[in-house]
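Me: I've got a structure open and a few things to ask. Can you walk me through it?

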Amino acid sequence: MPIPGGAHALLIRASGDIPLDTPRLPAREAAERELSKPMYHENDPNLLSRAMNTLWEWLGRLLDSASGAAPGGPLGLVVIALIVVALLAALWWRLGSPRRVSDGPGHLFDEGPRSADEHRATAEEHVAAARWTEAVQERMRAIVRSLEERALLDPRPGRTADEAAAEAARPLPDHADRLRAAAREFDDVTYGGRTGDQRAYQRLHDLDLDLERAKPQLSAVPGGPAE
């Protein structure tokens with residue numbers, strides 16, 4: 001880049017053994033004023049470019065430090081990153097995709113009255129399509145509707161899965177734990193953001209069949225004989 005006249009004169013005066021008449025500080029200020037003119041900075045990178053360069057330099061230093069601290073250097077850093085990704089993928093697969101979490105358990109039935117057999121048929125349709133979350137929900141509804149059809153539960157709109165399990169445990173005490181577990185399965189997949197799976201559905205399927213064969217304690221049935 002050509003040196004402008006003012007700066008050139010200063011350099012000429014500073015060269016050789018010719019003494020300078022201008023004191024050092026004013027001379028430096030004059031040179032700075034000269035070099036600060038826009039004509040010398042037309043090709044300078046803009047603010048965004050400078051910021052990006054600074055960011056990349058910082059990331060480069062960070063990765064260099066991390067690779068130096070990680071066992072095995074850069075290769076060890078890559079292995080650690082792959083392990084973290086694998087753990088996150090496993091967590092996503094186990095818990096399923098995030099869903100809106102409800103403030104609390106809602107109603108067990110979200111549509112008009114249907115029979116236990118209708119809920120079972122719908123559950124099996126979901127099973128055939130590997131929609132395990134929906135299959136778990138429908139099988140739990142089938143269990144509760146079946147208990148209502150057998151008069152072991154009073155039909156009551158707005159009942160939650162937890163309430164149904166607690167009420168059904170009175171005439172069916174031998175199945176109390178499994179009923180509570182089934183209610184938790186329903187709440188987890190419906191309100192807790194979890195994804196149903198085949199094992200969860202199989203537990204509800206087996207409970208449904210066992211409850212069909214179970215003999216209730218009639219004294220605990222709503223409207224049953226008093227002790």
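Me: Which residue forms a salt bridge with D208?
Reply: R139 does. The closest N and O atoms are 3.0 Å apart. Keep in mind that this is a predicted model.

Me: Where do R139 and D208 sit?
Reply: R139 is in helix α6 and D208 is in helix α9. The pair links distant parts of the chain, 69 residues apart.

Me: Are they buried or exposed?
Reply: R139 is buried, with a relative accessible area of 4%. D208 is buried too, at 1%. The cut-off for buried is under 20%.

Me: Is E138 buried or exposed?
Reply: Buried. Its relative accessible area is 7%.

Me: And R159, what is its salt-bridge partner?
Reply: E148, with the closest N and O atoms 2.9 Å apart. R159 is in the loop between α6 and α7 (161-168), and E148 is in helix α6. They are 11 residues apart.

Me: Buried or exposed, those two?
Reply: R159 counts as buried at 3% relative accessibility. E148 also counts as buried, at 9%.

Me: Let's step back. How many helices and strands does the chain have?
Reply: 9 helices and 0 strands. From the N terminus on, the elements run α-α-α-α-α-α-α-α-α.

Me: What share of the residues is buried?
Reply: 30% of the 227 residues in the chain.

Me: What about contacts between residues at least 6 apart in sequence? What share join residues at least 24 apart?
Reply: 63% of them.

Me: Switching to aromatics. How many aromatic pairs are there?
Reply: The structure holds 2. In one of them, the rings of W132 and Y201 have centres 6.1 Å apart. Their planes are at 50°, so that pair is tilted.

Me: Which helices does that pair link?
Reply: Helix α6 (residues 132-149), which has W132, and helix α9 (residues 198-213), which has Y201. The two residues are 69 apart. Both W132 and Y201 are buried.

Me: What geometry do F186 and Y191 show?
Reply: They form an edge-to-face pair. The centres are 6.3 Å apart, with 70° between the planes. Both F186 and Y191 are buried.

Me: Now E185. Which helix is it in?
Reply: Helix α8, residues 176-190. E185 is buried, with a relative accessible area of 18%.

Me: That's just below the cut-off you gave. What does E185 touch?
Reply: V136, A200, R203 and L204, not counting residues up to four places away in sequence. With R203 there is also a side-chain polar contact of 2.5 Å.

Me: On to the surface. Which residues form a nonpolar patch?
Reply: M52, L55, W56 and W58. Together they have about 450 Å² of accessible area.

Me: Tell me about W56. Is it buried or exposed?
Reply: Exposed, with a relative accessible area of 56%. W56 is found in helix α3 (residues 47-69).

Me: Last topic, the backbone. Which phi value does A130 have?
Reply: Near 60°, a positive value in a residue other than glycine. Most residues other than glycine have a negative phi. A130 lies in the loop between α5 and α6. Its relative accessible area is 48%, so A130 is partly exposed.

Me: And A151, what is its phi?
Reply: Near 65°, also positive. A151 is in the loop between α6 and α7. A151 is partly exposed, at 43%.

Note on methods: Residues numbered from 1 in each chain as written. Predicted model: local features only at pLDDT ≥ 70, side-chain atom pairs only at ≥ 80, totals over all residues. Heavy atoms only, no water. Helix = DSSP H or I, 4+ residues; strand = E, 2+ residues; numbered from the N terminus. Buried < 20%, exposed > 50% of the residue type's maximum accessible area, 1.4 Å probe, protein only. Polar contact = N/O pair within 3.5 Å; in protein donor to acceptor, adjacent residues only side chain to side chain. Contact = heavy atoms within 4.5 Å. Patch = residues over 30% accessible without salt bridge, like charges linked within 9 Å, V, L, I, M, F, W, Y side chains within 5 Å. Areas by Shrake-Rupley, 256 points an atom, 1.4 Å probe, with all protein chains shown as cover. Salt bridge = Lys/Arg side-chain N within 4 Å of Asp/Glu carboxyl O. Phe/Tyr/Trp six-rings, centres within 6.5 Å; stacked < 30°, edge-to-face > 60°.
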